[in-house]
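These are my notebook entries on one protein chain.

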Amino acid sequence: MSNKPLQKYRVLDLTRVLAGPWCTQNLADLGAEVIKVERPGVGDETRGWGPPWMPAAEGSERHDSAYFGSTNRGKQSVTIDFTTPQGQALVKELVLQCDVLVENYKAGTLARYGLGYEDLRAIHPSLVYCSVTGFGHTGPYSHKPGYDFVFQAMSGLMSITGERDDLPGGGPQKVGIAVADITTGMYATVAVLAALLWREGSGQGQHLDMALLDCAMAFNSNQAVNYLASGQLPRRYGNAHSNAVPYQVFDTLDGQVVVAVGNDSLFAAYCQAIERPELSTDARFTKVSGRLQNRAVLLPELARTMAARTSADWLARLDAAGVPCAPINDFAQALADPQVQARGIEAPITLPDGATFHTIASPLRFSETPLDYPAGPPTLGQHTSAVLHERLGLTAAQQAALRQAGAI
């Protein structure tokens, strides 16, 4: 018997690519039964987004991308063509047995097939129906498609990401991962959980309208609010911080380190550690506001000092002084870090063919209902027969007829 927070819930997953699947993978990690509906013969388009590919045992025919594997563990794959009347009927029957439906088609797409929110609310009033789209279901852009890159650009995020224009490599830059997608997936997870909690008291479902543009705007956080408060557009600082100094990369004698000094007491400790105590008592630098106003004077002094010792030396000294600091790791170095290993971040999953797929564990930690990963990402249609038989009672002959008709 499962002992996870969401073990009593069932989710119908009509999502592809990243934002929607990230939400439903979170729900699966938390114990919900997630049934992923995919197009027969094609599936989620990210299955083909390789190399790299998921591992396969010798003789296995599996050829799904690691990208797909990163966001679909713990789900069941059922292939249904909901553009057909038979497929639409199957989806509606599955909906009646589910608590949540998550979809990320363009606004209005599912309504064309009788699977929009109003259609399904009529047969299942307590359904939590979560729509994930680029621009939301209202507004002049609601009909437009879009990917993460579009929303990093539109939201202003790229205007504050990247090196200063006057330095080599300066200019707007996207973040190295699809942060609009991931952020939307996380916000959608929160929205689903809140809607389920509300349903516990009211008995009613509702429609959740999650937009990548909205979530990317929210992700801008203090930078956007700084602009609203001051009227001054924030600029790119590269690896520096707009509201804290020093908070950046420093060159050392043999490499680079990150130093993150977020308050005045840390600055005093930092100055002691680098043997420049006079800087912490200089009236220009004692307070955060002074360091911000005088960063052009302070930072060259710090850079000159930091360049005189090795990275290992500085990391040891700053750690001993309680000053936040770090090496700049690649993924191999990050995954080999003792702290990362102690936290169990790398999660090996045994696939049905016996191959082992290494993925990144959920960061959620529960004392009474710990998470595990008994099932990896499904092969396309792996669970079609079982789900249609167990959930809908369809016999082998009925399923054969549906296959013949192209509905599954």
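At what angle do α6 and α7 pack, and how far apart are their axes? I found an angle of about 95° and axes 8 Å apart. α6 is therefore roughly perpendicular to α7 (angles under 35 degrees count as roughly parallel, over 145 as roughly antiparallel, 65 to 115 as roughly perpendicular and the rest as oblique). I noted that axes are lines fitted to C-alpha atoms, for helices over the stretch in contact, with angles from 0 to 180 degrees between N-to-C directions. Helices (H or I, at least four residues) and strands (E, at least two) are DSSP runs numbered from the N terminus.

Before going on, I recorded that the model is predicted, that local features need pLDDT of at least 70 and side-chain atom pairs pLDDT 80 or more, while totals for chains, interfaces and linings use all residues. Residues are numbered from 1 along each chain as its sequence is written, and side-chain values use heavy atoms, without hydrogens and water.

**Entry: α6 with α7.** I listed V179, A180, D181, T183, T184 and Y187 on the α6 side, and L212, C215, A216, A218 and F219 on the α7 side. Contact here means heavy atoms within 4.5 Å. I sorted these residues into eight nonpolar, two polar and one charged. In this sorting, Ala, Val, Leu, Ile, Met, Phe, Trp, Tyr, Cys and Pro count as nonpolar, Asp, Glu, Lys and Arg as charged, and the others, Gly among them, as polar.

**Entry: the buried side of α7.** Which residues of α7 (residues 212–219) are buried? I found L212, L213, C215 and A216. They lie on the same side of α7, because they cover an arc of only 165° around the axis; the arc is that of the directions from the helix axis to the C-beta atoms. Buried means under 20% relative accessible area, exposed over 50%, and partly exposed in between, with a 1.4 Å probe and protein chains only. These buried residues pack against α1, β5 (128–133), α5 (148–154), α6 and β6 (206–211).

**Entry: α1 with α6.** I next examined α1 (residues 19–29) and α6 (residues 179–202), whose axes come within 7 Å and cross at roughly 45°. The two helices are therefore oblique to each other. From α1, the residues A19, W22, C23, N26 and L27 take part, and the α6 residues they meet include I182, M186 and V192. By class, I noted nine nonpolar, four polar and one charged residues in this contact.

**Entry: backbone values.** Most residues other than glycine have a negative phi, and most peptide bonds are trans. I therefore looked for departures from this pattern. V17, in the loop between β1 (10–14) and α1, has a positive phi near 70°. V17 counts as buried, at 11% relative accessibility. S221 follows α7 and has a positive phi near 50°. S221 belongs to α8 (residues 221–230) and counts as partly exposed, at 41% relative accessibility.

Which peptide bond to P51 is cis? I found the bond from G50 to P51, with omega near 5°. P51 and P52 are also joined by a cis bond, with omega about 0°. P51 is in the loop between β2 (33–38) and α2 (66–69).

**Entry: L279.** This residue lies in α10 (residues 277–281) and counts as buried at 6% relative accessibility. Beyond its neighbours within four places in sequence, I found L279 in contact with F267, C271, F285, L298 and L302.
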